[in-house]
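Student: I would like to work through this structure by question and answer. Shall we look at the sequence and the model before starting?

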Amino acid sequence: MAQEAGTEALARLAEERVDHRFKGLPPDAVGLTVAELATQRRNLFTDGFTTPVLALSAERLEHNLRLMETYAARHGLAFAPHGKTSMAPQLFRRQIEHGAWGITLAVPHQVWVARAFGIERIFLANELVDPAALRRIAADLAADPDFRFVCYVDSVRGVELMDAALRGAARPVDVVVELGAGEGARTGVRTEADARAVADAVAGVETLRLVGVAGYEAQVPGAAPEPVRAWLGRMVALAAEFDKAGRFAGAEEIVVSAGGSEWFDAVADVFAAIPELSLPVLKLLRSGAYVSHDDVHYSRLTPFNRVPEEGALEPAFRLWAQVVSRPSPEQAFVNAGKRDAAYDLDHPVAHVVRRDGTEHPATGIEVTALSDQHLWLGTGAEADVEVGDWIGFGLSHPCTSFDKWQLIPVAEADGTVVDFIRTFF
């Protein structure tokens with residue numbers, strides 16, 4: 001039932017009218033539905049799109065989806081990619097179609113978005129103690145027997161707050177104890193003794209059901225292969241200890257979950273050695289940035305750099321902006337800035353200059369600063385750039401690239417726009 005409603009909701013996205021909400025689209029497309037505009041197969045460069053405009057590569061997007069599907073299957077991992085990266089239900093659906101178990105999310109609003117578009121399995125990689133949100137979760141669980149929801153717990157106080165909000169619920173909420181990555185890291189219990197205390201608290205209430213352990217390995221202080229694997233080993237050992245002690249009584253499977261976008265090779269190796277437990281083990285990987293990948297941060301840190309024989313992700317984003325000022329031989333400015341490009345980790349990277357239908361490498365062009373609506377470019381003696389040129393930039397950090405755009409064209413290699421991705425942040 002929820003999947004059918006989700007399919008209908010996705011179809012309605014195509015019926016949305018193009019208007020002032022959506023940046024970069026052709027002015028003469030206003031009033032068309034998104035489906036009508038997509039059917040026209042306009043060219044990104046010659047058919048009225050305006051700068052700045054962010055585009056996704058159709059070919060690279062599909063490549064990345066297939067690669068992680070293959071990787072997870074090869075290593076016996078279930079996959080719940082983190083949806084907060086894109087908050088794009090169309091991509092959620094494609095991820096599910098490419099073998100994902102479900103979708104990981106971080107906050108209640110994101111859960112409501114996923115549910116509105118028919119996602120049946122949600123892993124909330126966060127503590128949830130808001131009573132209104134918990135009551136909404138309980139209502140969804142009661143109304144939909146196919147809905148599977150799992151979230152973190154990391155404190156006795158949190159368990160008490162959850163129990164108070166959920167009393168009288170028709171189904172218990174499944175929880176996993178979050179093991180923190182160490183002192184000074186983010187959320188999660190700091191010691192195994194703390195984990196046992198939280199598990200005891202869960203066992204003492206009827207509104208929650210303990211189904212596993214989880215955490216986020218990228219928060220390990222001084223993250224490197226050895227300490228990350230050691231922390232993952234602690235998490236696996238904790239799951240085995242809890243199972244031996246009968247703490248997963250009533251569960252249908254034991255969830256062991258980790259895996260951002262920087263260390264999923266370590267997760268795959270350590271999870272491959274999980275011993276046989278009393279119940280089937282759901283080895284749940286949660287990497288999310290892979291769907292678009294990027295040109296700097298994850299390009300540098302992706303595990304595929306360590307295991308190149310497994311393949312390589314491809315950066316799928318390109319931000320196109322136009323040179324609007326060339327005040328000196330050493331400077332140029334384009335009409336995109338902080339409102340359009342991720343800048344929290346790294347500056348955008350100039351890749352290509354487009355002029356009169358031809359492209360050449362953006363040699364000697366470097367982003368030196370960002371204003372709200374301008375990228376500051378340093379231009380060396382070899383830079384061939386003029387006012388009016390379009391420059392294509394690679395971006396760093398997908399999570400803060402998607403959130404600046406409500407409707408993103410998906411373009412083939414020749415610039416033909418074949419689809420549009422709607423985001424909900």
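Student: In which helix is the place of Leu 161?
Tutor: This is a predicted model, in which local features need pLDDT of at least 70 and side-chain atom pairs count only at pLDDT 80 or more, while totals for chains, interfaces and linings use all residues. Residues are numbered from 1 along each chain as its sequence is written, and side-chain values use heavy atoms, with hydrogens and water left out. Helices (H or I, at least four residues) and strands (E, at least two) are DSSP runs, numbered from the N terminus. The run that holds Leu 161 covers residues 156-166 and is helix 7.

Student: Is Leu 161 buried, partly exposed or exposed?
Tutor: Buried means under 20% relative accessible area and exposed over 50%, with partly exposed in between (1.4 Å probe, protein chains only). The relative accessible area of Leu 161 is 31%, so Leu 161 is partly exposed.

Student: How far apart in space are Leu 161 and Leu 134, C-alpha to C-alpha?
Tutor: In sequence, Leu 161 and Leu 134 are 27 residues apart. In space, their C-alpha to C-alpha distance is 9.9 Å.

Student: Are helix 6 and helix 7 parallel or oblique to each other?
Tutor: Axes are lines fitted to C-alpha atoms, for helices over the stretch in contact, and angles run from 0 to 180 degrees between N-to-C directions. The axes of helix 6 and helix 7 come within 9 Å and cross at roughly 55°. Angles under 35 degrees count as roughly parallel, over 145 as roughly antiparallel, 65 to 115 as roughly perpendicular and the rest as oblique. Helix 6 and helix 7 are therefore oblique.

Student: Which residues of helix 7 meet helix 6?
Tutor: Contact means heavy atoms within 4.5 Å. On the helix 6 side there are Pro 131, Leu 134, Arg 135 and Ala 138; on the helix 7 side, Met 162, Ala 165 and Leu 166.

Student: How many charged residues are in the contact of helix 6 with helix 7?
Tutor: Ala, Val, Leu, Ile, Met, Phe, Trp, Tyr, Cys and Pro count as nonpolar, Asp, Glu, Lys and Arg as charged, and the others, Gly among them, as polar. The contact of helix 6 with helix 7 has six nonpolar residues and no polar ones, and its number of charged residues is one.

Student: At what angle do helix 8 and helix 9 pack?
Tutor: Two packed helices are described by the angle between their axes and the distance between the axes. For helix 8 (residues 192-203) and helix 9, the axes are 12 Å apart, at an angle of about 40°.

Student: Which residues of helix 9 make the contact with helix 8?
Tutor: Helix 8 contributes Glu 192, Ala 195, Arg 196 and Ala 199. The partners in helix 9 are Arg 234, Leu 238, Glu 241 and Phe 242.

Student: Which residues of helix 5 are buried?
Tutor: Helix 5 covers residues 108-116. Its buried residues pack against elements including helix 1, helix 4 and strand 3. They are Gln 110, Val 111, Val 113, Ala 114 and Arg 115.

Student: What is the relative accessible area of Met 87?
Tutor: Met 87 is in the loop between strand 2 (78-79) and helix 4. Its phi is near 45°, a positive value in a residue other than glycine. Met 87 is buried because its relative accessible area is 1%.

Student: What is phi of His 397 near?
Tutor: Most residues other than glycine have a negative phi, and most peptide bonds are trans. His 397 lies in the loop between strand 16 (390-394) and helix 12 (399-402), and His 397 counts as buried at 13% relative accessibility. Its phi is positive, near 75°.
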